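Subject: Structure handover

Hello,

Here is the structure I promised to pass on. Please open it beside this note and read the two together.

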2 protein chains.
Amino acid sequence: MSLGFELLKEDPLSRARVGVMHTPHGQVPTPVFAPVGTQATVKAVSPRELCELGASLILANTYHLYLRPGPDIVADLGGLHGFMGWDGPIMTDSGGFQVFSLARLRAVDMTGVTFRSHLDGSEHLFTPERVIEIQEKLGADIILCLDECPEPLDYDYNVQALERTHNWAERCKQAHTRHNQALRPGPSTSSGHGSGQALFGIVQGGAFADLRRQSAEFITALDFPGYSIGGLSVGEPKELMHEMLEVTVPLLPEDKPRHLLGAGSPEDIFEGVARGMDIFDCVLPTRIARNGAVFTRTGRLNMRNARYADDPAPIEEGCGCYACRHFSRAYLRHLVMAKEILGLRLATLHNLHFMLSLMREIREAILAGTFSALRREFLAGYEIIPHEARQRNREARSGRQEE
Amino acid sequence: MSLGFELLKEDPLSRARVGVMHTPHGQVPTPVFAPVGTQATVKAVSPRELCELGASLILANTYHLYLRPGPDIVADLGGLHGFMGWDGPIMTDSGGFQVFSLARLRAVDMTGVTFRSHLDGSEHLFTPERVIEIQEKLGADIILCLDECPEPLDYDYNVQALERTHNWAERCKQAHTRHNQALRPGPSTSSGHGSGQALFGIVQGGAFADLRRQSAEFITALDFPGYSIGGLSVGEPKELMHEMLEVTVPLLPEDKPRHLLGAGSPEDIFEGVARGMDIFDCVLPTRIARNGAVFTRTGRLNMRNARYADDPAPIEEGCGCYACRHFSRAYLRHLVMAKEILGLRLATLHNLHFMLSLMREIREAILAGTFSALRREFLAGYEIIPHEARQRNREARSGRQEE
């Protein structure tokens with residue numbers, strides 16, 4: 001077991017497990033859902049609200065913060081913790097996914113990836129060394145290796161990309177100078193500056209079992225304090241994601257935390273936890289909130305629907321979030337239709353509360369030995385949006401992927 | 001003295017005064033600044049935040065709420081108080097100003113005003129009777145008569161408009177059935193529904209002393225529990241506004257609250273208080289916040305300015321607002337440049353805190369007999385944006401006047 005991660009309980013009927021990560025900015029109970037703060041703010045909520053919601057880990061984006069305001073400004077203002085006024089644990093991704101999905105032009109070779117900023121078209125080069133340097137300036141508690149995130153179904157591209165991802169992982173590890181240590185236990189410090197950072201390796205390999213195995217073996221041999229699984233939840237059928245987790249997870253060490261990059265719908269959480277994942281991050285709860293969609297135990301509700309125009313009920317009966325304690329669906333619908341900022345805020349608070357509460361419930365169920373029952377019961381009652389509809393949504397959204 | 005308004009102290013060197021209004025939803029210390037919640041939400045802030053800021057009165061817009069979501073829906077959900085989750089005092093304006101400044105086409109005669117919705121072009125008629133009916137459904141503590149708000153410098157138009165405004169005031173008073181009573185003291189109730197509403201008369205007359213006098217005499221003869229002064233702060237030079245207040249206020253009863261419609265810059269507050277006004281409402285603090293401008297004791301700062309990019313100081317040293325206690329100018333600038341919702345929120349919180357704190361300071365100064373010194377000192381240090389620049393801003397803004 002590594003210094004910073006304690007495994008507290010394993011589910012007898014699945015790979016689900018409960019643990020706790022110790023970081024320089026506090027403890028993170030796992031499994032954990034990390035709200036995404038792309039630009040050093042979780043969209044629409046304040047650090048105080050995040051704290052009240054019980055968020056224990058957030059994820060910020062290296063690509064966005066590198067472009068604006070720039071890593072030196074963030075470093076001068078005390079790193080991300082000081083800059084954004086969040087004292088809790090933070091992780092940054094390496095920018096790899098954004099460069100391949102959001103930036104405008106690019107060339108990739110073993111050196112790194114050249115891209116044009118989606119903001120002003122300026123050209124930039126991300127190398128493994130540069131990305132570590134940027135993340136050291138940003139100062140998160142957990143940082144990630146640069147990786148290449150190819151189309152999951154293109155075998156030949158995945159073979160080439162994996163070669164680069166593995167080379168970059170070695171160089172990232174080499175380049176990481178800022179206390180290249182395991183997650184460390186102990187009292188949290190108020191400044192992220194100068195404290196240790198844990199560098200996680202990333203397993204890639206698209207939707208191909210042999211490549212996933214190859215990648216898991218290569219990356220774990222480098223002995224990182226934690227592992228992310230990347231290149232999933234990017235549009236492939238859910239069954240493929242589950243299969244890739246089933247292939248990969250048994251090859252990861254038991255005593256290190258496992259992070260599923262970019263997945264975080266309620267159903268993804270259950271399926272990921274059941275397959276042994278510990279950390280989830282996703283823009284879904286905050287992004288759909290800004291489109292007026294809210295989670296309930298029976299599925300998503302679209303608050304724009306006219307049926308809610310005079311509905312005095314809260315979003316969900318029994319929910320303890322600020323929105324549900326104080327406001328009706330009718331009021332929320334009014335705010336959404338009138339494009340009022342408070343509408344985005346209330347929907348975001350509700351969705352984050354939903355995800356964070358669900359995670360607490362999952363942790364308790366694992367500890368109580370009832371996780372499989374909870375999973376069965378939840379998924380039986382929850383209407384999942386079909387793959388085709390998700391694809392359509394994704395296409396409709398392309399071009400405004402900033403979060 | 002009317003039942004619901006107590007005068008506590010008058011300044012010996014000006015017309016400034018301190019009082020307290022008693023409404024069915026609590027007390028309002030005056031002079032008071034009322035944040036504007038156009039669409040049943042003060043843009044970007046929650047009721048909890050308004051409460052923490054110490055707001056004691058907010059103003060919502062009848063025109064907007066009539067169009068969306070409609071007065072019946074608001075009434076069914078417990079009136080504005082229940083609908084928007086704000087237990088404190090609320091006032092609604094009559095919609096007159098919005099119809100004349102925001103709606104698209106119109107015809108005005110003694111009957112009322114016909115206009116097209118700025119939302120969907122649908123045609124509507126506001127009569128005095130209809131506007132009272134709508135405001136009774138919205139259920140605010142203080143409601144206003146329908147008035148016509150003409151160009152302040154067109155004498156002939158003002159003569160005609162005043163005739164209608166006076167006729168409408170008589171009819172509004174007649175139509176007001178819902179406890180047409182003075183502001184009443186006593187414990188606040190949790191429901192605005194069924195409780196009393198105080199109907200204020202509105203004095204108009206443009207920038208003309210004789211019309212203002214005529215209007216003040218006519219409207220006060222109708223004996224309302226409070227009086228609003230309309231048609232000022234709509235683009236005329238500040239000196240004219242001051243002159244009109246000096247003409248009008250001495251004709252208003254001492255023992256009734258006086259409301260200056262739509263004025264609320266720091267300098268307007270000082271000048272209005274000095275001339276005997278008690279209630280101010282204005283979108284300025286919230287609107288400029290959404291453009292990245294923040295108040296300080298020395299004037300407005302535009303947070304988009306590159307000079308703040310690495311500025312570790314808060315917006316204003318010593319300010320106790322949430323934004324200043326936790327975040328740097330550099331972070332706020334980053335949020336504003338990145339169009340993040342938290343940027344709008346922090347700037348709005350700061351500006352509302354600034355206005356509400358300034359009002360507390362003004363009340364304390366009047367009680368201590370030091371108001372004139374405070375006014376002199378504040379205005380000497382505060383850089384006022386010149387009339388010409390205000391005019392340019394106003395023109396640049398036309399077409400997006402929703403708040």
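Some ground rules. This is a predicted model, in which local features need pLDDT of at least 70 and side-chain atom pairs count only at pLDDT 80 or more, while totals for chains, interfaces and linings use all residues. Residues are numbered from 1 along each chain as its sequence is written, and chains are lettered from A and ligands numbered from 1 in the order in which they are written.

The chain as a whole

Chain A has 16 helices and 16 strands. Both are DSSP runs numbered from the N terminus: helices are H or I with at least four residues, strands are E with at least two. The radius of gyration of chain A is 20 Å, close to the 22 Å that the globule rule gives for 403 residues, so chain A is as compact as a globular protein of that length. (The radius is taken over C-alpha atoms; the rule is 2.2 Å times the number of residues to the power 0.38.) The C-alpha trace of chain A spans about 60 × 50 × 45 Å along its principal axes.

Of the 403 residues of chain A, 56% count as buried. Buried means that 20 or more other C-beta atoms lie within 10 Å of the residue's own; exposed means 12 or fewer, partly exposed is in between, and C-beta atoms are placed from the backbone.

Where the chains meet

In chain A, 31 residues are in contact with 31 residues of chain B. Contact means that the C-beta atoms of two residues, placed from the backbone, lie within 7 Å. Helices 3 (71–76), 4 (79–84), 13 (329–337) and 14 (341–368) of chain A each give two or more residues to this side. Helix 13 of chain A gives the most, with five residues. By class, the side of chain A that touches chain B has 18 nonpolar, seven polar and six charged residues. Here Ala, Val, Leu, Ile, Met, Phe, Trp, Tyr, Cys and Pro are nonpolar, Asp, Glu, Lys and Arg are charged, and the others, Gly among them, are polar. The copies meet through the same surface, because 100% of the interface residues of chain A are also interface residues in chain B.

Look at helix 13 of chain A next. Eight of its nine residues are buried, so helix 13 is largely enclosed by the rest of the structure. Among the buried ones are Tyr331(A), Leu332(A) and His334(A). Their cover includes helix 12 (322–326) and helix 14 of chain A, together with helix 3 (71–76) and helix 4 (79–84) of chain B.

Lys339(A) follows helix 13 of chain A, in the loop between helix 13 and helix 14. Its phi is near 55°, a positive value in a residue other than glycine. Lys339(A) counts as exposed, with 11 C-beta neighbours inside 10 Å.

Other backbone points

Most residues other than glycine have a negative phi, and most peptide bonds are trans. Ala44(B) is not a glycine, yet has a positive phi of about 85°. Ala44(B) sits in the loop between strand 4 (32–35) and helix 1 (47–53) of chain B. It is buried, with 25 other C-beta atoms within 10 Å.

A cis peptide bond joins Arg68(A) and Pro69(A), with omega about 5°. Pro69(A) is in the loop between helix 2 (62–67) and helix 3 of chain A. In chain B, the bond from Arg68(B) to Pro69(B) is cis, with omega near 5°.

Gly95(B) lies in the loop between strand 6 (90–93) and helix 5 (96–101) of chain B. Gly95(B) counts as buried, with 28 C-beta neighbours inside 10 Å. Leaving aside neighbours within four places in sequence, its contacts include Asn61(B), Tyr66(B) and Phe126(B).

Best wishes
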